[in-house]
Amino acid sequence: MQQHVVDKADSVREGEELDVSAVHSWLKDNISATDPSLSVAIRSSNTLPKVTQYSGGASNWTYCLDYQGDNQESSQDNYQQFSLILRRAPAGTKAKGAHDMGREYRLQHALKPVYRYVPEMLGLCEDESILGTEFYVMEKFTGVIPRKNLPRGLETTDQQTKQLCTNVLDSLIELHKVDYKKAGLEHLGKGAGYIERQISGWSERYSKAKTWNVPSGKKIMRWLENNMPDQERICITHNDFRFDNVVLKPDNYTQIIGVLDWELATLGDPLMDLGNTLAYWVQADDDFLAQSTRRQPTHLPGMLSRKQVVAYYCKEMEIDVDDFTFYEVYGLFRLAGIAQQIYYRYHHKQTNNPAFKNFWIFIHYLMWRCNKAIKASGKP
């Protein structure tokens, strides 16, 4: 294993610290793991975990709890070192339905038996007196997370990069092909009427989170409402499927071992899920503004273009799509809505994360992309 390419958390951001003692005490009483030795190790540990924080997420806060083992005399060997992941909602005002830790936990717990890339859920705390909010703890995947750039020292050929790209797409396709009815997962979402709910829902969320320095978006909202497709397909959708939400094997980075960040997953339309994915897809020939916002290595030689992604996906899913513009515009507008909700918290000093400072510029750019695609489509 190439340890230098394995994804690691960093120091905890100021104002986002955890009460480590409270978390440890809760874990000792509530951990539930498939591997009984893990439960025993936590319940028997007298040492608090080292806590670090992942910087990649812009929504929920994600921490690594690193248990180093107890240095104590015992007739048994010292407890094995292990790490867990803790997810909690951010501080400050939250949009209705957002940052629902209980839903995110239960959804992954239900999906795990039918989708191999879901991490094991280890415990949900709904008692907000522990950390001031709900949180859950899950299995930690040890591997490579392809963020803005692949880790330094990880050399790639064009063919390997293309294989990585198609493997990532295949893991999304595998999710979309899960027979949710046969698996008894109808409760994951409302299903029918998804397209209409998404358009009205994101229009409302964007409008409520709007600050003075971003576009109104009304023209785009009207276009989406007037151009909703007649045909709707329903499957399990991730709704935040990106390269930096997948985990790769550290000794074979083209292989997927995990998919993370299921906060927005539901029963929805697969082409809208693909539109969401492509909103983040910055390819090599995109303009400098797109390149400045890139957060995944989709610019590398060997990566498919957005047009090629749509063609590959539709072929594998056996779906015919004459015009992808609606799904493209929806994905870009929805991303603008997500970014605006995050920027709203920064604008109103509910978070001091400097990464959010210039989100308002990004939102202008996304709206420009929406209008450009609409104009090119020729649809009123």
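Q: Which residues have the most contacts inside the largest nonpolar core?
A: Happy to start there. In this predicted model, the largest nonpolar core holds 77 residues, and the ones with the most contacts inside it are Leu-111, Leu-224, Ile-236, Trp-262 and Phe-333. Helix H10 (residues 325-347) provides the largest share of this core, 12 residues. Apart from it lies another core of 22 residues, which includes Ala-41, Ile-42, Leu-84 and Phe-135.

Q: Let's take Phe-333. Which residues is Phe-333 in contact with, leaving aside neighbours within four places in sequence?
A: Phe-333 touches Trp-202, Ser-203, Tyr-206, Ile-220, Met-221, Leu-224, Met-367 and Cys-370. Leu-224 is also among the residues with the most contacts inside the largest core.

Q: How should I read a positive phi?
A: The general idea is that most residues other than glycine have a negative phi. Here Asp-261, which is not a glycine, has a positive phi of about 65 degrees. Glu-318 is another residue other than glycine with a positive value, near 55 degrees.

Q: Where are Asp-261 and Glu-318 found?
A: Asp-261 has its place in the loop between strand E8 (252-259) and strand E9 (266-268), while Glu-318 is in the loop between H9 and H10.

Q: Are these two buried or exposed?
A: Buried means under 20% relative accessible area and exposed means over 50%. Asp-261 has 17% relative accessibility, so it counts as buried. Glu-318 counts as exposed because its relative accessibility is 75%.

Q: And what about Asp-127: where does it lie, and why does it count as partly exposed?
A: Asp-127 lies in the loop between strand E4 (121-125) and strand E5 (135-139). Asp-127 counts as partly exposed because its relative accessibility is 41%, and partly exposed is the range between the two cut-offs.

Q: Which side chain does the side chain of Asp-127 make a polar contact with?
A: That partner is the side chain of Ser-129, at 2.6 Å. As for Met-221, it is 94 residues from Asp-127 along the chain, and their C-alpha atoms are separated by 38 Å.

Conventions
Residues numbered from 1 in each chain as written. Predicted model: local features only at pLDDT ≥ 70, side-chain atom pairs only at ≥ 80, totals over all residues. Heavy atoms only, no water. Helix = DSSP H or I, 4+ residues; strand = E, 2+ residues; numbered from the N terminus. Buried < 20%, exposed > 50% of the residue type's maximum accessible area, 1.4 Å probe, protein only. Polar contact = N/O pair within 3.5 Å; in protein donor to acceptor, adjacent residues only side chain to side chain. Core = buried A, V, L, I, M, F, W, Y, C linked by side-chain atoms within 4.5 Å. Contact = heavy atoms within 4.5 Å.
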